[in-house]
Amino acid sequence: MENKTSKYFKYAIGEIVLVVIGILIALQINNWNELRKERLKEINYLQNLKSDLESELKNNKEFADYRFKKAKASSLLLNSMAPNSIEAVQDYTDTYELVFIWNTFVPNNNTFKELLSSGNLSLIKNDSIKNGLLELEKLYAGIETGEHHMRREYEVYLYDTHVNNVSALNFFDLKQPAYGFPRRLSSDEIAISNHAKLIEDAKWQHNNEIFNNGLRLAFMNNSFLAGLHQDLVHFIENLIQLIDTEIND
């Protein structure tokens, strides 16, 4: 009886050990499956982030060029002679309208916003990538602040000064409505009877100190923002490389 009891006891312990081992193996497989699912989600997010960032490379390169051209146009206006012919007025108008055009930078960060709103940012395990994305949002906020600051100066010193004191939009065909901007006129199409007024207006604006201060501010602000966008290009390129490495590991 003692031998039988001992055998049964050992058998029972063996069964328990096997059950425990089975449970542990099942838990391990379940953990592995969960980790695999998380990794697949992470890879999917990383691929979407990379796609957004590649779009942002193009976006920032274009805005760096756009801001630089506006700074260059501001400098040309500040350092040129006052227009004294209708042809010179046309060149002058083309240049200040290049400064006047306003576009707001809108980043393509949809995947990152989804990560934040869904609470899935923790799926990104690489701290360098995670910190890079957070830093990128700070840089975007800096650009937004710079644009907001510059917009006020544009309105007060450039737009208001222009609209309140000179005849506007003289080089557009305002007789023919169009989808989009009206047709642009050349100096040859401007009636001779209007030449003297347009030259006088251009000279007044060229010599107006408030308007020139607006151009100086536009030069400084656009140059600064062009530099920020150029720096962002290098930052995003490095972030894409980090993501590529993480995806391929």
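Visitor: Where does E153 lie?
Guide: This is a predicted model: local features need pLDDT of at least 70, side-chain atom pairs count only at pLDDT 80 or more, and totals for chains, interfaces and linings use all residues. Residues are numbered from 1 along each chain as its sequence is written, and side-chain values use heavy atoms, with hydrogens and water left out. Helices (H or I, at least four residues) and strands (E, at least two) are DSSP runs, numbered from the N terminus. E153 lies in helix 4.

Visitor: Is E153 buried or exposed?
Guide: Buried means under 20% relative accessible area, exposed over 50%, and partly exposed in between (1.4 Å probe, protein chains only). E153 has a relative accessible area of 11%, so it counts as buried.

Visitor: Which residues is E153 in contact with, leaving aside neighbours within four places in sequence?
Guide: Contact means heavy atoms within 4.5 Å. With those neighbours set aside, the partners of E153 are L158, L217 and N221.

Visitor: What distance separates the C-alpha atoms of E153 and A218?
Guide: Along the chain, E153 and A218 are 65 residues apart.

Visitor: How many aromatic pairs does the structure hold?
Guide: Rings of Phe, Tyr and Trp (its six-membered ring) pair if their centres lie within 6.5 Å; planes under 30 degrees apart are stacked, over 60 edge-to-face, and the rest tilted. The count of such pairs is 10.

Visitor: What kind of pair do F100 and Y159 form?
Guide: Their ring centres are 5.4 Å apart. Their planes stand at 85 degrees, so the pair is edge-to-face.

Visitor: How many residues apart in sequence are the parts that F100 and Y159 tie together?
Guide: F100 lies in helix 2 (residues 86–100) and Y159 in helix 4 (residues 127–165). F100 is buried at 13% relative accessibility, and Y159 is buried at 17%. Because they sit in two helices, the pair ties together parts whose sequence separation is 59 residues.

Visitor: What angle do helix 2 and helix 6 make where they pack?
Guide: Two packed helices are described by the angle between their axes and the distance between the axes. Axes are lines fitted to C-alpha atoms, for helices over the stretch in contact, and angles run from 0 to 180 degrees between N-to-C directions. For helix 2 and helix 6 (residues 209–248), the axes are 11 Å apart and the angle is about 55 degrees.

Visitor: Which residues make that contact?
Guide: Helix 2 contributes Y92, Y96, V99 and F100. Helix 6 contributes F211, L215 and A218.

Visitor: Which residues form one aromatic cluster?
Guide: F100 and Y159 both belong to the cluster.

Visitor: Which residue lies over the face of W102?
Guide: A charge sits over a ring if NZ of Lys or CZ of Arg is within 6 Å of the ring centre and within 35 degrees of the ring normal. R184 lies over the face of F172, at 4.8 Å from the ring centre. Over W102, at 5.6 Å from the ring centre, lies R67.

Visitor: Which residues is H206 in contact with, leaving aside neighbours within four places in sequence?
Guide: H206 is found in helix 5. At 12% relative accessibility, H206 counts as buried. With those neighbours set aside, its partners are L77, S80, M81, A82, P83, Y92 and N212.
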